[in-house]
Amino acid sequence: MTKIHFRVNGREVSVNDVEPTATLLDWLREEQGLTGTKEGCNEGDCGACTVMVSHNENGRMVRGAVNSCLFFLPQMDGKDVRTVEGIAELNGSLHPVQEAMIANHGSQCGFCTPGIIMSMAAAHSIGDRLHDDVLAGNLCRCTGYAPIVKAAESAAGKPVPEWIRDEPPPRARGESVETNRFLVARNLNELAEWYESNPDAVVIGGATDVGLWVTKKLREIEKACFAAQVPELSKIEVANSFIEIGSAVPLENIRKFMTARHPALSELLRRFGSVQIRNAATLGGNIANASPIGDSPPAMIALGAKLKLRKGGKTRTIPVEKFFLGFKKQDRLPGELIEKILIPVQDDHLRCYKLSKRLDQDISSVCGCFNIAVEKEVVVSARIAFGGMASIPRRSPGTESALLGRRLTPETVSDAQEALVRDFSPMRVNKATTRASTEYRVAAARNLIAKFAAEASQESKPTHVLDIKL
């Protein structure tokens with residue numbers, strides 16, 4: 001009988017007969033009686049279900065907060081989870097975060113507080129003091145954010161407790177776990193062969209999107225392949241003039257990596273979702289989702305990135321912009337997976353603009369990414385891509401041509417804006433992804449061109465932004 005093995009609050013557990021889409025949240029509450037972890041939205045927005053998950057990465061402990069409502073149980077194999085019941089020491093000594101919440105009157109009704117505690121404790125364990133960002137994925141229905149942030153600030157200077165700091169890494173598992181319904185892969189060749197033989201299976205990286213198929217759409221997944229623990233898919237390296245990003249690298253890792261290389265991409269990924277989502281979601285998954293309003297594809301297209309695809313033992317490489325064929329349609333063969341994303345090493349000229357109804361944790365209405373080099377006030381290269389302007393994320397070749405070889409004058413900007421309208425007219429956005437009117441999208445995209453030109457020209461404010469009435 002196949003089992004998965006992991007730790008819960010320091011205790012080794014083995015689970016038999018695991019369903020591929022059984023969630024960690026349900027298992028904790030229903031099978032273990034650990035009801036401090038709450039179910040709120042069940043879609044990764046409210047943070048009430050937050051737990052701290054750790055894993056062994058080359059002999060060291062890597063920790064992070066995740067939404068247990070979107071974390072499938074097979075993903076836990078070989079890992080460690082701590083819930084709010086296990087954050088204090090066995091003798092009853094409280095974690096510094098718990099003490100700070102009491103002292104600063106941060107604890108509210110008790111429904112959201114456990115998740116808030118776990119987000120703060122995970123950040124405390126790695127020295128993350130960007131408290132507003134850390135807590136962006138936790139909603140407090142009692143509106144007690146001020147004392148909660150004060151508690152986070154108060155706890156930040158306290159040492160990590162020994163029972164957290166000195167905890168040995170979870171047992172690293174070198175072998176894959178396979179059942180008749182799922183594979184927890186730890187070997188790239190085995191993963192590729194299994195998926196080629198089971199092309200009807202769903203390949204899962206972080207499950208932040210697939211989880212919604214289960215929790216919201218009540219979709220049955222007959223076969224699943226969990227790829228996040230395959231070493232080759234879980235690392236970033238610079239080789240052969242490319243930044244090679246494994247398809248299962250969490251977005252938070254990519255965000256940190258890109259801070260010094262492409263800061264605009266790093267900020268775009270910060271706004272992708274909460275820390276909990278970014279600790280699980282993957283770049284490969286976001287691209288494979290093929291949504292016309294996915295945040296990462298416009299940036300990847302603007303950077304000239306390529307995809308390395310693999311089916312069994314065969315690989316091929318295509319530009320990201322060629323991967324999208326139509327709404328939710330991809331140039332991907334049955335049983336073929338995304339192995340790596342290859343971003344050319346280049347000077348940073350990237351600017352990314354995400355327009356959404358709220359600043360954090362919202363889906364884009366329009367996302368524009370501009371990779372434009374200006375030398376001696378003249379545009380010498382341009383790659384521009386938009387999300388939310390068509391049924392697929394795609395380039396705006398007319399806009400690029402209107403800018404190339406010209407100074408960013410008002411006339412150039414006007415010509416580029418008109419070229420953009422021609423590039424996306426008639427604009428086709430699938431009804432399922434409509435988050436704004438066609439008029440808004442076109443006006444917003446035109447204004448992004450003006451915004452880029454103003455910033456590139458170091459003007460204090462754009463002078464050719466349209467007067468939009470919504």
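**Entry 1: ground rules**

I number residues from 1 along each chain as its sequence is written, and I use heavy atoms for side-chain values, leaving out hydrogens and water. Since the model is predicted, local features need pLDDT of at least 70 and side-chain atom pairs count only at pLDDT 80 or more, while totals for chains, interfaces and linings use all residues.

**Entry 2: salt bridges**

How many salt bridges did I find? The count comes to 25, taking a salt bridge as a side-chain nitrogen of Lys or Arg within 4 Å of a carboxyl oxygen of Asp or Glu.

I began with arginine 383 and glutamate 321, whose side chains form a salt bridge at 2.6 Å, N to O. Arginine 383 sits in strand S19 (residues 378-387) and glutamate 321 in helix H14 (residues 320-323), so this pair ties together parts 62 residues apart in sequence. Arginine 383 is partly exposed at 21%, and glutamate 321 is partly exposed at 25%.

Next came glutamate 377 and arginine 407, with a salt bridge of 3.3 Å, N to O. Both are in loops: glutamate 377 between strand S18 (366-375) and S19, arginine 407 between helix H15 (397-403) and helix H16 (410-423), so the pair links parts 30 residues apart in sequence. Glutamate 377 is exposed at 52%, whereas arginine 407 is partly exposed at 44%.

Then I checked glutamate 418 and arginine 446, where the closest N and O atoms are 2.8 Å apart. Glutamate 418 belongs to helix H16 and arginine 446 to helix H17 (residues 438-456), so parts 28 residues apart in sequence are tied together. Is arginine 446 buried or exposed? Arginine 446 is buried, at 12%, while glutamate 418 is partly exposed, at 35%.

**Entry 3: a sheet of 5 strands**

I followed an open sheet with mixed pairing, its 5 strands in the order S2-S1-S5-S3-S4. Two strands pair if DSSP finds at least two bridges between them. Which strands are at the edges? They are strand S2 (11-16) and strand S4 (60-67), each pairing on one side only.

Strand S1 (residues 3-8) and strand S5 (residues 80-82) run parallel and are joined by 2 bridges. In S5, aspartate 80 is the bridge partner of arginine 7.

Helix H1 (residues 24-31) lies across S1, S2, strand S3 (50-57) and S5, at about 75 degrees to S1. Helix H3 (residues 113-126) lies across S3, S4 and S5, at about 30 degrees to S3. Contact here means heavy atoms within 4.5 Å; axes are lines fitted to C-alpha atoms, for helices over the stretch in contact, with angles from 0 to 180 degrees between N-to-C directions.

**Entry 4: cavities**

I found 3 cavities of 30 Å³ or more. A cavity is a set of points on a 1 Å grid over the protein atoms alone where a 1.4 Å probe fits but cannot get out, and lining residues have an atom within 4 Å of a point. Grid points are joined across faces, edges and corners, and a volume is the space filled by probe spheres set on the points.

The largest cavity has a volume of about 50 Å³. Its lining includes Gln75, Lys79, Val184 and Phe226.

Note on methods:
Helices (H or I, at least four residues) and strands (E, at least two) are DSSP runs, numbered from the N terminus. Buried means under 20% relative accessible area, exposed over 50%, partly exposed in between (1.4 Å probe, protein chains only). On a 1 Å grid over the protein atoms alone, a cavity is a set of points where a 1.4 Å probe fits but cannot get out, and a pocket is an open set with protein on both sides within 12 Å along at least five of seven lines; lining residues have an atom within 4 Å of a point.
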